[in-house]
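The tour below goes from one selection to the next and says what is found at each stop.

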Amino acid sequence: MLETVKYLIGSAGATGYGSKSTAEQVTESCSDLRSITAIITGATSGIGAETARVLAKRGARLVLPARNLKAAQDTKSRIMSECPDSEILVMALDLSSLNSVSKFVVEFEPLDLPLNLLINNAGKFTHEHAISEDGIEMTFATNYLGHFLLTKLLLKRMIETAKKTGVQGRIVNVSSSIHGWFSGDLIRYLGLITRNKSHYDATRAYALSKLANVLHTKELAQRLKQSQANVTVNCVHPGIVRTRLTREREGLLTDLVFFLASKLLKTIPQAAATTCYVASHKKMVNVSGKYFADCNEATTSKLGSIPCEAGRLWSASELMISRVLKSDHFDPLIKGDE
């Protein structure tokens, strides 16, 4: 009950920020990011677009990969109208396609840009059962597996940038508190919904993909630490975004329910705050493998904190992406026993 009250009133946590803090507010102390190059997925609308706008306002160079290039160009235009000196590059990427992810990295590498920040923000809620071109359930393929491969392929560049500049690299995985709604054997359930749509439940599939984001963060943090890479990784719950309520309302009781629900939702600037805080704030130096909500460290679900589950998912993910990786692909995080 106390935590709910703190959330509703926007009480500041240990970081000095809370649920009502905005992305601009949490980046005020790091107003010069001109030395930072960031890749942000899912920046064509909503939280991703606001994250991109605020980081550009603070001076960061942006790479915006998107499936819908027109929408990405529109985002770029809106940011440029506010921040005309911004450097923004739009590139093609469909996260549900492993080949598209690989192609994006192949096209990014020759640009010879540094890479300080990777924000894996893009997300999809697939109402109807669908399978990706790689034979993977679509929500999992888009929200998790595409980001897993993207991160893996970009790690070498991030580690090299950190060594060359002395600036610690950061990876931010956007998850959700909904990850706690999944229980059971995640690999088994993924297999079930991939093979048979009769087992498909859209909400559970979404929760699974967000749990995978959490577990990816945990395992990747350990591997980065073991390899002594100057790169951190954390995951965030942005909050539930306030949207227009269009259903007809009748009666005092319905009005009261809508009023109370609205107090639990966030504006887009508030929802982007935790991502921007973790991506840019000086207090996040050397912080890795953690989960944040309302710009403060929070706890994951019990399943999301089990190391062997994180390792098990990593191994399964490596198998799923193995066919698109070249045999000579350099992996800076291969453990000695693998």
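## Stop 1: a loop residue

Begin by selecting Cys295, which sits in the loop that links strand E7 (291-293) to strand E8 (296-298). The model is a predicted one. Is Cys295 buried or exposed? Its relative accessible area is 0%, so Cys295 counts as buried, the cut-off being under 20%. Check the backbone as well: the phi of Cys295 is positive, about 65 degrees, although the residue is not a glycine. Most residues other than glycine have a negative phi.

## Stop 2: the whole chain

Zoom out and colour by secondary structure. The protein chain has twelve helices and eight strands. Of its 338 residues, 53% are buried. Now consider contacts between residues at least 6 apart in sequence: 77% of them join residues at least 24 apart.

## Stop 3

Select Asp112, in the loop between H5 and E4. Asp112 is not a glycine, yet its phi is positive, at about 55 degrees. With 62% relative accessibility, Asp112 counts as exposed, because the cut-off for that class is over 50%.

## Stop 4: Arg157

Arg157 belongs to helix H6 (residues 138-165). Relative accessibility is 11% here, so Arg157 counts as buried. What does the side chain of Arg157 reach? It comes to 2.7 Å from the backbone oxygen of Leu113.

## Stop 5: H5 against H6

Show helix H5 (residues 98-108) together with H6; their axes come within 9 Å and cross at roughly 20 degrees. The two helices are therefore roughly parallel to each other. The crossing of H5 past H6 is right-handed.

To see the contact, display these side chains:

- from H5, Leu98, Val101, Ser102, Phe104, Val105 and Phe108;
- from H6, Leu145, Gly146, Leu149, Leu150, Leu153, Leu154 and Arg157.

By class, the residues of this contact are ten nonpolar, two polar and one charged. An α-helix has 3.6 residues a turn, so residues three or four places apart point the same way.

Stay on H5 and select its buried residues: Leu98, Ser100, Val101, Ser102, Phe104, Val105 and Phe108. Which elements do the buried residues of H5 pack against? They pack against strand E1 (37-40), strand E2 (61-66), strand E3 (88-92), H6 and helix H12 (307-321).

## Stop 6: H6 against H12

On the H6 side, select Phe140, Tyr144, Leu145, Phe148, Leu149 and Lys152. They meet Leu313, Trp314, Ser317, Glu318, Met320 and Ile321 in H12. This contact has nine nonpolar, one polar and two charged residues. Leu145 and Leu149 belong both to the contact of H6 with H5 and to that of H6 with H12.

## Stop 7: Asn120

Move to strand E4 (residues 117-120) and select Asn120. Asn120 counts as buried because its relative accessibility is 3%. Draw two distances from its side chain. One ends at the side chain of Thr151, a polar contact of 3.0 Å. The other ends at the side chain of Asn173, a polar contact of 2.9 Å.

Which residues does Asn120 contact, leaving aside neighbours within four places in sequence? They are Thr41, His147, Leu150, Thr151, Ile171, Val172, Asn173 and Val174.

## Stop 8: H3 against H4

Finish with helix H3 (residues 46-57) and helix H4 (residues 69-82), which pack at about 35 degrees with their axes 10 Å apart. H3 passes H4 in a right-handed crossing. Display Ala49, Ala52, Arg53, Ala56 and Lys57 of H3 with Thr75, Ile79 and Glu82 of H4, the residues that make the contact. Their classes are four nonpolar, one polar and three charged.

Methods: Residues numbered from 1 in each chain as written. Predicted model: local features only at pLDDT ≥ 70, side-chain atom pairs only at ≥ 80, totals over all residues. Heavy atoms only, no water. Helix = DSSP H or I, 4+ residues; strand = E, 2+ residues; numbered from the N terminus. Buried < 20%, exposed > 50% of the residue type's maximum accessible area, 1.4 Å probe, protein only. Polar contact = N/O pair within 3.5 Å; in protein donor to acceptor, adjacent residues only side chain to side chain. Axes fitted to C-alpha atoms, helices over the stretch in contact; angles between N-to-C directions. Parallel < 35°, antiparallel > 145°, perpendicular 65-115°, else oblique. Left-handed = near helix turned anticlockwise from the far one by under 90°. Contact = heavy atoms within 4.5 Å. Nonpolar A, V, L, I, M, F, W, Y, C, P; charged D, E, K, R; others polar.
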